[in-house]
Amino acid sequence: MVEITEEELHNNHASYVEKCEKGESFLVVKKDGRKFMMVPASDFEDAKSCVSMDLDEYDYLRDHDDAT
């Protein structure tokens with residue numbers, strides 16, 4: 001995976017989007033040091049299948065009469 005700065009992404013946005021659409025992934029470093037990934041949609045769909053998105057499992061966390 002290629003690491004780029006947020007500024008590089010901003011300056012060459014169309015080029016990076018095109019590369020990403022063709023299958024490349026990028027790790028983007030923000031000015032404050034935080035990072036995020038830019039991945040092809042197909043890779044994201046594959047990753048979603050590995051993560052449980054069944055929110056009913058967590059109803060007990062929000063459905064209660066306790067004060068917050």
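**Briefing: a predicted model with three strands and four helices**

Leaving aside residues up to four places away in sequence, arginine 34 touches Val28 and Val29, where a contact means heavy atoms within 4.5 Å. The structure is a predicted model, in which local features need pLDDT of at least 70 and side-chain atom pairs count only at pLDDT 80 or more, while totals for chains, interfaces and linings use all residues. Residues are numbered from 1 along each chain as its sequence is written, and side-chain values use heavy atoms, with hydrogens and water left out.

**Overall make-up**
- The protein contains four helices and three strands, taken as DSSP runs (helices H or I, at least four residues; strands E, at least two) and numbered from the N terminus.
- Their order along the sequence is β-α-α-β-β-α-α.
- Of the 68 residues, 15% count as buried; buried means under 20% relative accessible area, exposed over 50%, and partly exposed in between (1.4 Å probe, protein chains only).
- The accessible surface is about 5,800 Å², and 52% of this surface belongs to carbon and sulfur atoms; areas come from the Shrake-Rupley method with a 1.4 Å probe, and for residues only the protein chains shown count as cover.
- Among contacts between residues at least 6 apart in sequence, 31% join residues at least 24 apart.

**Confidence**
- Mean pLDDT (the predictor's confidence in each residue, from 0 to 100) is 82 for the protein, and 63% of residues reach 70 or more.
- Helix H1 (residues 6–11) has the highest confidence, at a mean of 97, and helix H4 (residues 59–62) the lowest, at 65.

**Sheet**
- The three strands make an open sheet of mixed pairing in the order S1-S2-S3; two strands pair if DSSP finds at least two bridges between them.
- Strand S1 (2–5) and strand S3 (35–38) are the edge strands, each pairing on one side only.
- From one strand to the next, the twist averages 30°, with axes fitted as lines to C-alpha atoms (for helices over the stretch in contact) and angles running from 0 to 180 degrees between N-to-C directions.
- S1 pairs with strand S2 (residues 26–29) in the parallel sense over four bridges.
- Within S2, phenylalanine 26 is the bridge partner of valine 2, and leucine 27 is that of glutamate 3.
- Side chains in a regular strand alternate between the two faces of the sheet.
- S2 and S3 pair in the antiparallel sense, also over four bridges, and lysine 35 in S3 is the bridge partner of valine 29.

- Five residues separate S2 from S3 in a hairpin, and glycine 33 in the turn has a positive phi of about 95°.
- Arginine 34 lies in the loop between S2 and S3 and is exposed, with a relative accessible area of 52%.

**Aromatic pair**
- There is one aromatic pair, counting rings of Phe, Tyr and Trp (its six-membered ring) with centres within 6.5 Å; planes under 30 degrees apart are stacked, over 60 edge-to-face and the rest tilted.
- The ring centres of tyrosine 16 and phenylalanine 26 are 5.0 Å apart and their planes stand at 85°, so the pair is edge-to-face.
- Tyrosine 16 belongs to helix H2 (residues 13–21) and phenylalanine 26 to strand S2, so the pair links distant parts of the chain, ten residues apart.

**Serine 25**
- Serine 25 sits in the loop between H2 and S2 and is buried, at 17% relative accessible area.
- Beyond residues up to four places away in sequence, serine 25 touches Met1, Val2, Met38, Val39, Pro40 and Asp43.
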